[in-house]
Amino acid sequence: MWQAALLLPVTKDASTLQYLTHINQRTPLVPINLVVDLGGQFLWVDCDQDYVSSSYNPPYCRSAQCSLAGNNGCGECYSPPRPGCNNNTCSLFPDNTISRTSTSGELAADVVSVQSRDGSNPGPNVTVPQFLFTCAPTFLLDGLAKGVKGMAGLGRAKIGLPSQFSAFFRFPAKFAICLTSSTTSKGVIFFGDGPYNMLPRMEISSNLIYTPLFINPVSTAGAYTEGEASVEYFIGVKSIKINEKHVLLNANLLSINKTDGYGGTKISTVNPYTVMETSIYNAFADLFIKEAETMNISRVASVAPFGVCFSRENVLSTRVGYAVPTIDLVLQNENVFWRIFGANSVVQVSDDVLCLGFVDGGANPRTSIVIGGYQLEDNLLQFDIARSRLGFSLSLLFRQTTCSNFNFTTNG
């Protein structure tokens, strides 16, 4: 039997640093550019402009689809019916997690077509005839990359892309992301199980390190109902080390407060760089500076948005980026850690300046550490929703491949 699995290409937008993908939607099919939102609740698209489809279908209020989507209100529309505006339909709250704006939008279903995958080979496009999504007004696109029509939510909600694809095609509730560091080549999102083959003939999933995924009992969405849990992906960072030395920080901030949902560590594709609560950031940056000094790396003036920058003089290049202090996010025990090398820890901002690619998130953020896109690039991350665990590869540069080495075009 064919092992159903799907592919989406991912590109990095040079001007916004957002990660973009596209799907085909509607009848007739139209390519729709979307921002990838790892923790987003569902697919939402602008229905105000040019949404034309003979297969658009808004489920009726109190229908099974509305219940699946977790909707909590019925909508009326006081203008002629059109996509996004119909009577006796249910509404959800599409969320632009980059501008931090939410609004109300109509739940709808329409045809979605994506590329299938058979092992290492791309397959034909396959279709979901009634894929649930939410319509949004055009203003919700503010702050998104040029040409984008919405956001693709990969969160663990029942109508997130992973859940809908796995339910329709009957494959495991599992997906993997591999973001490219290049703005000229494509990374990939795999839905379904491995293998995850990269050129030159390399299978990535055999060496993954696993850590539990945690559920924050309080929603982190822009608008939510009391009692709703977050659909974002949290991991249990217990401590941070730089060059094997512990960062002295308040460990309480690393746990999720079960009452208000504050604290913890989540993974995000909408934050370009990892964001840390102020006291964590300061302790982290101080130790990184000290360790850099021991390697004869000298500080220079900061370059926004970064708080710590260095001269590139005396910094060697290695297979995994610049030779700077290594960073370890220590997970369930001291033997399980996510090691971050120079390719994911420092950003080259000019010919002679490197900056620490982590930013200060303020004194009382909702989440203490948000691991951002730059730290994820050229690492394969597998989100196993069914088993509530994350598998991660560490830098693929070690294995002399990258996330742009998936073969989208030919058999091989």
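Here are legends for several close-up views of this predicted model.

**View 1. Two domains sit side by side in the chain and share an interface.** Let us start with the overall layout. Domain 1 covers residues 5–194, and domain 2 covers residues 209–392. Their C-alpha centres lie 28 Å apart. Domain 1 brings 32 residues to the contact, and domain 2 brings 31 residues. The size of an interface is often given as the accessible area lost when the parts come together. Here, the area buried between domain 1 and domain 2 is about 2700 Å². Carbon and sulfur atoms give 58% of that area.

**View 2. Polar contacts and salt bridges cross from domain 1 to domain 2.** Across this interface there are 15 residue pairs in polar contact, both partners having pLDDT of 80 or more. On the domain 1 side, the elements that give two or more residues are β3 (30–37) and β12 (174–178). Strand β12 gives the most to this side, with 5 residues. By residue class, the domain 1 side divides into 17 nonpolar, 9 polar and 6 charged. The interface also holds 2 salt bridges.

**View 3. Lys-174 and Asp-384 form a salt bridge.** Side chains of opposite charge can pair when their charged atoms come close. In this pair, the closest N and O atoms are 3.8 Å apart. Lys-174 belongs to strand β12, while Asp-384 belongs to strand β32 (residues 379–384). The two residues are 210 residues apart, and the pair links distant parts of the chain. How buried are the two partners? Lys-174 counts as buried because its relative accessible area is 10%, and Asp-384 counts as buried because its relative accessibility is 2%.

**View 4. Asp-384 also takes part in a network of salt bridges.** Which residues are linked in the network? They are Lys-174, Asp-193, Asp-384 and Arg-389. A search of the whole structure finds 10 salt bridges.

**View 5. Lys-266 and Glu-232 form another salt bridge.** The closest N and O atoms of Lys-266 and Glu-232 are 2.9 Å apart. Lys-266 sits in strand β20 (residues 265–267), and Glu-232 sits in the loop between β16 (209–214) and β17 (234–235). This pair, too, links distant parts of the chain, with 34 residues from one partner to the other. Lys-266 is buried, since its relative accessible area is 12%. Glu-232 is buried as well, with a relative accessible area of 10%.

**View 6. Helix α2 is mostly covered.** Which residues of α2 are buried? They are Leu-161, Pro-162, Ser-163, Gln-164, Phe-165, Ser-166 and Phe-169. Have a look just after the helix too: there, Arg-170 takes a positive phi of about 60 degrees.

**View 7. Ser-205 lies in the loop between β15 and β16.** Strand β15 on one side of this loop covers residues 202–203. The side chain of Ser-205 makes a polar contact with the side chain of Glu-203, at 2.8 Å. Leaving aside residues up to four places away in sequence, Ser-205 touches Tyr-196 and Tyr-210.

**View 8. Thr-326 lies in a loop and is buried.** The loop runs between β25 (321–322) and β26 (327–330). Thr-326 counts as buried because its relative accessibility is 18%, and the cut-off for buried is under 20%. What does Thr-326 touch, not counting residues up to four places away in sequence? The partners are Lys-241, Ile-242, Asn-243, Arg-339, Ile-340 and Phe-341.

**View 9. Asn-296 lies in a loop and is exposed.** The loop runs between α3 (278–294) and β22 (299–300). Asn-296 counts as exposed because its relative accessibility is 53%, and the cut-off for exposed is over 50%.

Notes:
Residues are numbered from 1 along each chain as its sequence is written. This is a predicted model: local features need pLDDT of at least 70, side-chain atom pairs count only at pLDDT 80 or more; totals for chains, interfaces and linings use all residues. Side-chain values use heavy atoms; hydrogens and water are left out. Domain bounds come from an automatic or database domain assignment. Contact means heavy atoms within 4.5 Å. Buried area is the accessible area (1.4 Å probe) that two parts lose on being put together, summed over both. A salt bridge is a side-chain nitrogen of Lys or Arg within 4 Å of a carboxyl oxygen of Asp or Glu. A polar contact is a pair of N or O atoms within 3.5 Å; within protein, one must be able to donate a hydrogen and the other to accept it, and residues adjacent in sequence count only if both atoms are side-chain atoms. Helices (H or I, at least four residues) and strands (E, at least two) are DSSP runs, numbered from the N terminus. Ala, Val, Leu, Ile, Met, Phe, Trp, Tyr, Cys and Pro count as nonpolar, Asp, Glu, Lys and Arg as charged, and the others, Gly among them, as polar. Buried means under 20% relative accessible area, exposed over 50%, partly exposed in between (1.4 Å probe, protein chains only).
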